[in-house]
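Trainee: Could you pick one spot in this structure and walk me through what surrounds it? I'd like the cut-offs as you go.

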Amino acid sequence: MEDIINAFLLMSNFVFVPAIAYGSQLALGAVGVTLVYGILRFSNFAHGDTMAFGTMVVILFTWFFQAYGINLGPLPTAILALPFGIIFTIIFLLTCDKLVYKFYRERKAVPVTYLIASVGIMFVLNGIIRFIIGPNDQRFADGERFIIKAKEMKQLLGTAEGVSIKVSQGLTFVTAFIVVVVLFWFLNKTRTGKSMRAFSDNEDLALLSGISPDKVVTVTWILVAILATIAGTLYGLDKSFKPFTYFMLLLPIFASAIVGGLGNPLGAIAGGYVIAFSEIMITYPYKKFISYMVPGDWKPDSLVQLLSTDYKFAVSFIILVLVLLFKPTGIFSGKSV
Amino acid sequence: MTYLIGTGMTGGYGGTDILHNCSITAEKGEIAVIVGPNGAGKSTAMKAIFGMINIHTGTVTLDGEDISVLSPQARVAKGMAFVPQTSNVFPTMSVEENLEMGAFLRKDDINGTMEQVFDLFPILKDKRSQNAGELSGGQRQQVAVGRALMTQPKVLMLDEPTAGVSPIVMDELFDNIIEVAKAGITILMVEQNARQALNIADKGYVLVQGRNKFTDTGEKLLNNHEVRKSFLGG
């Protein structure tokens, strides 16, 4: 019995807790992608770099606050800097829309044109971020590191294994939960939110009903900026900030949005967790877990790791391909790609 | 004074003209029906009146006001409502939300109008929280008409409202349309089911190749030998 408890604690520590945190970050990113897809009708390849841009501004303001000795005690200073990151990202995205996307919207361009334009914005953004903050790793998490330490938990329970929960992980989950609840309230209960859903459902009919496309587009970009900055900052606090990593995040984020059903925010959230759990469960070495579960002499010699963590993006890729082959509209029946 | 007048309308989608000197008028509270063979420009004539296609000659007036150059959205604000033939609801939104979106331009209380729509289509009241995309074809048409009525329009334009619904539902829809007209709303309708549509029409227009071929009351058109032979199957 004790072995089973230990096995469970082990899995919680190395799989469940990290996967929930990572899944929440992917979910927030994927909701942003799905909103752009549903309302502006294109796949926004600049989303990963939008997250990086927002996070960069948050880091700069974090440094500023730290220099003046302003902090939030046990919580990371980045939370204080978050609103500034959001504001700058909103300004950036609205400027992009005015300068680039609006041009194509007026010409009623096909989605692939937007997609290529977003790739262009992605590269420009890539350059801007490297120019301002550099290509290196930045750690900006401060304050308390753990909510629960594994060691303390072991002593408390008297078990061989313990679960540690980092502040960044707890923060990620709580923030993601609040953001999602507020987002769904906005989309389902407010007039503006409903008009966005109407626009996503049937653009022509939305126009006939007098819904203003300019307003819908503006509100969408504001929501995307908020979601991207929060997702990026939470990811950066949990791991670290490196521009290239954020660019690479595009793959699991798109996989999440597509697995859940493009255009469907609920699906994007579910997709985020599906991808995060698959990625972590497939790259986790099960040696110790199996040792707890089987009699002593059955203990495996190898690591029992299905795939090396170097291949973690392959997992998103495989899931993406499987979904596109067998259920192109995703779990929650969004638009087919 | 005729309420809605489209006179001498000539135009089309791009280079070639589809409508040629086509005229459609309707009095207040009247049901006007446009019928004709496939490709006669029935829907095009209606879209021209609503401003969805450009006419280079001819004018459209509503209640004496020239609205020829207004966009469809501006015409909605003037009191015209249009129900497209296909994709005329918001499929992932509930029936109630569909109606709310119909009234998007209104700033006043819309509950009264919503109750009127529910009185007209009682089934929608039961399904108010169900998504419009999950309804049957006939119910979806009711949502579409209901959405258009939410702006409290003076003119309701219907593009083949009975396309793809069963004959029983079609009769019901026509009954609903008569009721709407009795409330003083002008109805302009394009119909495939010419015989049934002319039955309820005050005025009928038979278009052929974008031109007015016959114009008369619905009853007279039904009794017109040539119309019967050519368009109503004897």
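**A close look at one glutamine**

Mentor: Setting aside neighbours within four places in sequence, B:Gln142 touches B:Phe121, B:Ile123 and B:Leu124; contact here means C-beta atoms, placed from the backbone, within 7 Å. Before going on: this is a predicted model, where local features need pLDDT of at least 70, side-chain atom pairs count only at pLDDT 80 or more, and totals for chains, interfaces and linings use all residues. Residues are numbered from 1 along each chain as its sequence is written, while chains are lettered from A and ligands numbered from 1 in the order in which they are written.

B:Gln142 counts as buried because 28 C-beta neighbours sit inside 10 Å; the scale is 20 or more other C-beta atoms within 10 Å for buried, 12 or fewer for exposed, and partly exposed in between. B:Val76 is 66 residues away in sequence and 19 Å away in space, C-alpha to C-alpha.

The glutamine belongs to helix α6 of chain B, residues 137-149. Helices (H or I, at least four residues) and strands (E, at least two) are DSSP runs, numbered from the N terminus. α6(B) lies across β6 and β7 of chain B, at about 165 degrees to β6(B); axes are lines fitted to C-alpha atoms, for helices over the stretch in contact, and angles run from 0 to 180 degrees between N-to-C directions.

Those strands lead us to the sheet. In chain B, 6 strands make an open, mixed sheet ordered β6-β7-β8-β3-β9-β10, where pairing requires at least two DSSP bridges between two strands. At the edges are β6 (80-83) and β10 (211-216) of chain B, each pairing on one side only. On average, neighbouring strands of this sheet are turned by 15 degrees against each other, direction ignored.

Further along the sheet, β3 (residues 31-35) and β8 (residues 186-190) of chain B pair in the parallel sense over 4 bridges. B:Ile34 has B:Val190 as its bridge partner in β8(B). Another helix of chain B, α1 (residues 42-50), lies across β3, β6, β7 (155-159), β8 and β9 (203-208), running at about 145 degrees to β8(B).

Zooming out to the other chain: the contact takes 17 residues from chain B and 12 residues from chain A. On the chain B side, α2 (72-77) and α3 (95-102) each supply at least two residues.

Conventions: Contact = placed C-beta atoms within 7 Å.
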